[in-house]
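The following note sets out points to consider when reading the model. Each point may be checked against the sequence and the structure shown here.

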Amino acid sequence: MDSIKNLVILGATGDLTSRLLLPGLATLLTAQPERQVTVIGADRQADEAWEQTVAAAFGTVQASGPAVDYALKTSSFTVCDATSATDLQKLLDELASPVCLYFALPPQVTMKSLEVLNELNLPEDLVLALEKPIGHDLESARELNRLVGQLVPESQTFRVDHFLNMPSVHSFTGLRFANRMLEPLLNREHVESIEINYDETLGLEGRAGFYDSSGALRDMIQSHLLQVMALVMMEPPSRIDAVELPALTAHVLRSTRLWDEDPARCVVRGRYTAGEINGKKYPDYISEPGVDPEKNTETFAQVTLEVDSWRWTGVPVTLRSGKAIGEPCKELVIHFRRPAHEYPQFPHDGRVPGDRLRLLLKSGQLEFELNVGGPFDARGMNRVTAQTDTADPILSSYGNVLRGILDADATFSVRGDASEECWRLIEEIQRGFDDGSVPLQDYAAGSEGPRLPTES
Ligand SMILES: O=P(O)(O)OC[C@H]1O[C@@H](O)[C@H](O)[C@@H](O)[C@@H]1O
């Protein structure tokens with residue numbers, strides 16, 4: 001399929017468009033000056049300031065060059081109710097194919113819109129881009145995937161996950177397969193445990209409407225962290241393409257189960273209470289406007305899993321994400337096993353600690369924490385941290401997302417069955433929430449989060 005020239009954003013007046021989609025597109029257009037993309041903003045109400053919105057969003061990333069100028073010149077806004085058959089048919093009839101419909105809409109509206117599209121004559125090469133959440137449980141995810149499958153083939157369906165498209169996550173894939181230092185070690189023989197942590201200082205930030213029905217488990221673990229885990233732990237692909245990666249990441253997710261049958265022993269959940277971070281005061285989560293205290297929504301979730309496969313059985317993988325955390329880590333950490341043999345000349349009678357590789361997800365910086373020093377060196381053995389700065393990416397996460405969509409390349413998109421596997425796991429965890437075996441612990445905003453199972 002030709003690369004897509006007409007990008008329709010449904011829900012264009014929303015925050016996602018101005019904060020992430022348009023700046024992401026601008027990074028792509030700056031990097032690829034020959035690309036011609038026309039952005040059509042669409043929403044129920046007219047937006048007289050659309051051109052300024054596009055220009056301002058492009059300005060946030062210092063976009064420049066012919067592709068940026070072309071997009072600024074050709075962009076337009078159209079009034080379109082995404083749940084109206086007449087509006088959608090008119091919109092599609094007026095645009096030259098191939099077209100992408102990007103659903104930057106609340107999930108219920110997206111679902112309604114997909115149902116309406118099912119009644120229309122759709123162009124054969126129509127591409128659909130769907131934001132998370134894909135459903136709210138396993139059954140609704142299946143229903144959504146079934147509906148989308150009636151509209152367009154899977155290869156034209158993009159379930160967006162911007163973590164899968166983070167520059168740091170892409171560069172880890174490069175590090176793993178572009179040299180021999182890492183891939184031979186990534187298995188149960190050499191790896192002790194893996195952590196993926198995404199703690200944020202952010203609190204609710206006025207998002208109760210969405211977040212209070214979601215919580216940390218669904219907002220962050222169901223989607224982003226499980227996807228990153230699957231990419232990091234997949235078998236080596238024979239090609240890096242939209243056939244291999246979605247198949248291999250789905251394989252990891254199918255092999256994943258809770259570390260312990262009893263969620264109480266491998267899941268932690270918490271909710272922040274009042275506190276302060278960097279001089280900013282946070283109220284109790286339950287006092288935030290729009291929050292329903294009866295919902296018991298968690299703002300912190302930690303889950304330990306096992307990928308039950310020849311490569312990974314026995315290696316605990318912990319995924320963690322919390323809001324209002326004092327010193328937030330956003331990282332992938334691979335803990336290696338200790339050396340296979342002990343030498344009395346080494347510290348602690350030879351029991352030196354295992355090495356550690358840490359990837360900072362936001363900056364892309366890599367840290368290797370290694371044991372170094374000679375056995376007869378009077379100074380003894382040291383730990384050194386070597387840092388590799390891979391920051392300054394050309395495309396932002398959403399730039400990568402949009403490159404994939406506009407080139408109809410689903411290599412870093414979430415396949416339907418993978419989204420369902422994630423819900424299978426979430427439902428197992430949810431059972432521990434519902435029966436009270438995983439208590440909702442309080443933690444003060446600004447602290448490290450709730451107490452973990454190993455802490456007294
Ligand atoms: O750090 P980033 O790229 O903004 O991603 C984190 C955000 O990802 C979003 O998908 C979640 O809904 C937010 O709650 C979260 O804060």
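Helices (H or I, at least four residues) and strands (E, at least two) are DSSP runs, and their numbering starts from the N terminus. The model is predicted, and the points below should be read accordingly.

1. Overall fold. In secondary structure, the protein chain has 12 helices and 18 strands. Among contacts between residues at least 6 apart in sequence, 77% join residues at least 24 apart.

2. Dimensions. What radius of gyration does the protein chain have, and what would a compact globule have? The chain has 23 Å, which agrees with the value near 23 Å for a compact globule because the comparison is made for 456 residues. Taken along the principal axes, the box filled by the C-alpha atoms is roughly 75 × 50 × 45 Å.

3. Burial and surface. Of the 456 residues, 53% count as buried. The accessible surface of the protein chain is about 20600 Å², and carbon and sulfur atoms account for 50% of this surface.

4. Charges. The protein chain carries 42 positive and 67 negative charges.

5. Aromatic pairs. The count of aromatic pairs comes to seven. One of them joins Tyr-272 and Tyr-282: the ring centres are 6.3 Å apart and the planes stand at 85 degrees, so the pair is edge-to-face. The reasoning rests on a cut-off, since planes over 60 degrees apart count as edge-to-face. This pair links distant parts of the chain, with Tyr-272 in strand β9 (residues 267–273) and Tyr-282 in strand β11 (residues 280–282), 10 residues apart. Both Tyr-272 and Tyr-282 are buried. Ring pairs also connect Tyr-211, Tyr-272, Tyr-282 and Tyr-285 into a cluster.

6. Cis peptide bonds. Most peptide bonds are trans. The bond that joins Ser-97 and Pro-98, however, is cis, with omega about -5 degrees. Pro-98 is placed in the loop between α4 (85–94) and β4 (99–103). A cis bond also leads from Lys-132 to Pro-133, where omega is near 0 degrees. Pro-133 belongs to the loop between β5 (127–130) and α6 (138–151).

7. Positive phi. Most residues other than glycine have a negative phi. Gln-62 is not a glycine, yet its phi is positive, at about 50 degrees. Gln-62 sits in the loop between α2 (50–59) and α3 (66–74). Is Gln-62 buried or exposed? With a relative accessible area of 63%, Gln-62 is exposed, because the cut-off for exposed is over 50%. Asn-296 likewise has a positive phi of about 50 degrees without being a glycine, and is found in the loop between β11 and β12 (300–307). At 37% relative accessibility, Asn-296 counts as partly exposed, because that value falls between the limits of 20% and 50%.

8. A residue in helix α5. Val-116 is found in helix α5 (residues 107–117). Its relative accessible area is 5%, so Val-116 is buried, the cut-off for buried being under 20%. Which residues does Val-116 contact, once its neighbours within four places in sequence are left aside? They are Thr-83, Ser-84, Ala-85 and Leu-88. Ala-71, which is 45 residues from Val-116 in sequence, is 29 Å from Val-116 in space, C-alpha to C-alpha.

Terms used. Residues numbered from 1 in each chain as written. Predicted model: local features only at pLDDT ≥ 70, side-chain atom pairs only at ≥ 80, totals over all residues. Heavy atoms only, no water. Rg over C-alpha atoms; globule rule 2.2 N^0.38 Å. Buried < 20%, exposed > 50% of the residue type's maximum accessible area, 1.4 Å probe, protein only. Contact = heavy atoms within 4.5 Å. Areas by Shrake-Rupley, 256 points an atom, 1.4 Å probe, with all protein chains shown as cover. Lys, Arg positive; Asp, Glu negative; His and termini not counted. Charge placed at Lys NZ, Arg CZ, Asp CG, Glu CD. Phe/Tyr/Trp six-rings, centres within 6.5 Å; stacked < 30°, edge-to-face > 60°.
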